[in-house]
Every structure is written in C-alpha cells, then in structure tokens.
Amino acid sequence: MPVLAFLYDNPDYTGQNLVIRASDGDLGGLTAAVSSLRISGSGYATVYDQPNYSGASRVFIPGSYSLIGTAWDNRISSIMLSDSSLDPYY
Ligand SMILES: [Ca+2]
C-alpha cells in the first residue's frame with residue numbers, strides 16, 4: 001500500500017486535519033500547527049520545519065504519534081512521502 005500521512009491540528013488525532021497522499025511543500029492552514037499524526041502504508045514520511053522540504057527534519061515510520069511535549073509540536077511545515085519498504089535508518 002502507498003504511504004499516507006494523516007495530520008491533525010490537535011492532540012489525540014482531532015481538530016482540523018489533512019490527508020497527505022503525495023509530498024506537500026506547503027501545509028496551508030496546518031503549517032506549524034500539527035500536534036498529532038498517523039502514518040500508514042509501506043514507506044515513511046520525512047517532515048520538515050520549513051516549507052519546501054527545508055530546515056530541520058525528522059523521519060516517521062508507519063504508526064501513530066502524539067507530538068505534544070516534543071520538539072515537533074506545532075512545527076511541521078512540509079512533508080515528503082517515500083514509498084519504500086526500506087528502513088530509512090539504514
Ligand atoms: Ca496544534
């Protein structure tokens with residue numbers, strides 16, 4: 001299955017949300033607002049704290065993540081999806 005990302009404005013996968021089916025360099029109203037996310041499918045997502053895949057980055061493998069209390073709460077500004085079964089850490 002292709003990798004998908006579900007981004008949420010609020011904790012616990014609530015609030016304004018976006019389904020990301022392809023890499024997106026500008027999250028619009030969710031820019032610097034994402035507080036929880038889910039990644040599904042085969043692959044991984046790389047998030048960036050600046051638009052257009054720039055700035056600091058972090059990789060998320062499939063799973064559910066709360067960003068509250070982490071350095072990435074309200075910080076994601078763009079996201080790149082990678083369809084791959086390869087582990088991004090190797
Ligand atoms: Ca938020």
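Analyst: Two strands pair if DSSP finds at least two bridges between them. A strand is a DSSP run of E with at least two residues, a helix a run of H or I with at least four, and both are numbered from the N terminus. In this predicted model, alanine 45 stands opposite leucine 81 in β7.

User: What should I know about the model before reading on?

Analyst: The model is predicted, so local features need pLDDT of at least 70 and side-chain atom pairs count only at pLDDT 80 or more, while totals for chains, interfaces and linings use all residues. Numbering starts from 1 along each chain as its sequence is written.

User: How many helices and strands does the protein have?

Analyst: There are 0 helices and 7 strands. Read from the N terminus, the order of elements is β-β-β-β-β-β-β. The radius of gyration, taken over C-alpha atoms, is 12 Å, close to the 12 Å of the globule rule for 90 residues, so the protein is as compact as a globular protein of that length. That rule is 2.2 Å times the number of residues to the power 0.38. The C-alpha atoms fill a box of roughly 30 × 25 × 20 Å along the principal axes.

User: In what order do the strands of the four-stranded sheet lie?

Analyst: The order is β2-β1-β3-β6, in an open sheet with antiparallel pairing. β2 (14-20) and β6 (63-66) are the edges with a single partner strand each, so one side of each has no neighbour in the sheet. Neighbouring strands are turned by 15 degrees on average, direction ignored. For such angles, axes are lines fitted to C-alpha atoms, and the scale runs from 0 to 180 degrees between N-to-C directions. Strand β1 (residues 4-10) is joined to β2 by 5 bridges, and tyrosine 8 stands opposite asparagine 17 in β2.

User: Which strands make up the three-stranded sheet?

Analyst: That open, antiparallel sheet has the order β5-β4-β7. Its edges are β5 (54-60) and β7 (78-82), each pairing on one side only. The twist from one strand to the next averages 25 degrees. Strand β4 (residues 44-50) has 5 bridges to β7 and 5 to β5. In the hairpin of β4 and β5, 3 residues lie between the strands, and asparagine 52 has a positive phi near 60 degrees. Glutamine 50 stands opposite serine 54 in β5.

User: Which residues have the most contacts inside the largest nonpolar core?

Analyst: In soluble globular proteins, nonpolar side chains tend to be buried together. Here the largest core has 16 residues, and Ala5, Val34, Leu37, Ile39 and Ala45 have the most contacts inside it. β1, β3 (36-40), β4 and β7 each give two or more residues to this core. A nonpolar core is a set of buried Ala, Val, Leu, Ile, Met, Phe, Trp, Tyr and Cys residues joined through C-beta atoms within 7 Å. Buried means 20 or more other C-beta atoms within 10 Å of the residue's own, with C-beta atoms placed from the backbone. Of the 90 residues, 26% are buried.

User: What does leucine 37 touch beyond its neighbours within four places in sequence?

Analyst: Leucine 37 is in contact with Ala5, Phe6, Leu7, Tyr8, Phe60 and Tyr65. Contact means C-beta atoms, placed from the backbone, within 7 Å. Among contacts with a separation of 6 or more, 68% join residues 24 or more positions apart.

User: Which residues does UniProt list for the Beta/gamma crystallin 'Greek key' domain?

Analyst: An unreviewed UniProt entry lists residues 43-83; such annotations may be inferred rather than shown by experiment. That stretch is 0% helix and 56% strand, with its end C-alpha atoms 4 Å apart.

Key
Buried ≥ 20, exposed ≤ 12 C-beta atoms within 10 Å, placed from the backbone. Contact = placed C-beta atoms within 7 Å.
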